[in-house]
Amino acid sequence: MSNGATEGDWDSSNARDFIQYTVDHGYKIKAWELGNELSGSGVGTSISAEQYAVDVIELHRILNEIYTHYGETPLLVAPDGFFDADWFKQFLQLSGPNILNVVTHHFYNLGAGVSNDLVEKILNPSYLSQEASTFTGLQSVLRNYGNWSNAWVGESGGAYNSGHNLITNAFVMSFWYLDQLGMAAAFNTKSFCRQSLIGGNYGLLNTTTFVPNPDYYSALLWHRLMGTRVLATNSTGTEYLRAYSHCTKKARGVTLLLINLSNNTGISVQVSTGSGTSTEGNSRLEYHLTAKDGDLHSQTVLLNGNILRITPGGQIPSLLPVTVPAEKPILIAPLSIAFVQIPYVQFTACS
């Protein structure tokens, strides 16, 4: 150790044996990742960019050797730490072209789970927008020093140290979660790994009953509706409206994600596509998410006014939209979220 940094080459022997074991037993592995929160100043300890590059090159060599006769080689992913532009730049320069497939980073931009101002941060549009600097910074580094790699959010749960009960596992968290998903996608992030499925106070499922928390349903609607092609989206009128749009997944048209952070003002949204698309005779599908009894700390979420709860047989309930005539404005209630599927709007990008 020197100044809190770990020194010396990685002993890869145990990892190599483990990787070989998975191959010998026919386990399909999508990706192998080296390290966790060791980039930059690290968490607890750190590793220099020079050493990390040497170690990643070693893992690349191991994967090529083991998977030579086994078809597709899994992705190589690193460093899965907090973004430090100088460290990431040096790491990519020293590891060299086509070693890393994915560059991962973590972010917990709400601060510590014990903080008393988490809700205020979540509902503050200016605060939410600050994370854009991380996404733009990483994209800049990748364009200049690692254009063979994709960016992933390797871990994020909003507030570190296990989050905060009845905030990061309650309805209010969906404002943060869906906004950051939309922002990450807009900055060409290819994957977003939520901390966690089960565990801490930021899990998508209740840690004892495994009943879905509100963010589970938010993630499910995103997964079902938002395709991988992201559309440039701007909104005017109020900063409390957060707007994102994608080509609809496996269907015609586009889907909007509209988030109203205002606690007292509903928003009427008029959509302008610039395509001259006629609304006459058309309709759209809307999915409105609200908290039970208007309580942002509730762990029960309503879809179009109906409580979402698992069925007696333990199945996820149907997520049914309401159909709205196209000529009507989109109405977003205070402190609510809406996915709006518009099948009659067509862009070349969505063909």
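What follows is a chat about pockets, salt bridges and one arginine in a predicted model.

Me: Before anything else, what kind of model is this?
Reply: This is a predicted model, and everything below should be read with that in mind.

Me: Okay, pockets then. What volume does the largest pocket have?
Reply: The volume of the largest pocket is about 590 Å³, and its lining is made up of 21 residues, with Thr189, Lys190, Ser191, Phe192 and Trp222 lying nearest the centre.

Me: Which elements give two or more residues to that lining of the largest pocket?
Reply: For the largest pocket, they are helix H7 (173-186), strand E7 (189-194), helix H8 (214-225) and strand E8 (226-231). The largest share of this lining comes from E7, which gives six residues.

Me: How do the residues of the lining of the largest pocket divide into nonpolar, polar and charged?
Reply: In the lining of the largest pocket, eleven residues are nonpolar, seven are polar and three are charged.

Me: And the second largest pocket, how many residues line it?
Reply: The second largest pocket holds about 450 Å³ of space and is lined by 22 residues, of which Thr233, Asn234, Gln270, Val271 and Ser272 lie nearest its centre. Two or more lining residues come from each of E9, strand E10 (254-260) and strand E11 (267-269). The lining of this second largest pocket divides into eleven nonpolar and eleven polar residues, with no charged ones.

Me: You mentioned E9. Where does arginine 242 lie?
Reply: Arginine 242 lies in strand E9, which covers residues 241-248.

Me: Is arginine 242 buried or exposed, and why?
Reply: Arginine 242 counts as buried because its relative accessibility is 10%, and buried means under 20% relative accessible area.

Me: What does the side chain of arginine 242 reach?
Reply: The side chain of arginine 242 reaches the backbone oxygen of proline 125 at 3.2 Å, and there is also a polar contact of 2.9 Å between the side chains of arginine 242 and serine 129. If we set aside neighbours within four places in sequence, the residues in contact with arginine 242 include Asp179, Met183, Leu257 and Ile259, along with Pro125 and Ser129.

Me: Switching to salt bridges, how many does a search of the whole structure find?
Reply: The search of the whole structure finds seven salt bridges. As background, side chains of opposite charge can pair when their charged atoms come close.

Me: Which residue forms a salt bridge with glutamate 58?
Reply: Arginine 61 does, and the closest N and O atoms of arginine 61 and glutamate 58 are 2.9 Å apart. Both residues lie in helix H2 (residues 49-66), three residues apart, which is about one turn of the helix.

Me: How accessible is arginine 61, and what about glutamate 65?
Reply: Arginine 61 is partly exposed, with a relative accessible area of 41%, and glutamate 65 counts as partly exposed at 38%. Glutamate 58 is partly exposed too, with a relative accessible area of 23%.

Me: Which residues do salt bridges that share partners join into one network?
Reply: The network takes in Arg16, Glu58, Arg61 and Glu65.

Me: Last one: are glutamate 286 and arginine 284 buried or exposed?
Reply: Glutamate 286 and arginine 284 are both buried, and they form a salt bridge in which the closest N and O atoms are 2.5 Å apart.

Notes
Residues numbered from 1 in each chain as written. Predicted model: local features only at pLDDT ≥ 70, side-chain atom pairs only at ≥ 80, totals over all residues. Heavy atoms only, no water. Helix = DSSP H or I, 4+ residues; strand = E, 2+ residues; numbered from the N terminus. Buried < 20%, exposed > 50% of the residue type's maximum accessible area, 1.4 Å probe, protein only. Polar contact = N/O pair within 3.5 Å; in protein donor to acceptor, adjacent residues only side chain to side chain. Contact = heavy atoms within 4.5 Å. 1 Å grid on protein atoms, 1.4 Å probe; cavity = no way out; pocket = protein on both sides within 12 Å on 5 of 7 lines; lining within 4 Å. Points joined across faces, edges and corners; volume = space filled by probe spheres on them. Nonpolar A, V, L, I, M, F, W, Y, C, P; charged D, E, K, R; others polar. Salt bridge = Lys/Arg side-chain N within 4 Å of Asp/Glu carboxyl O.
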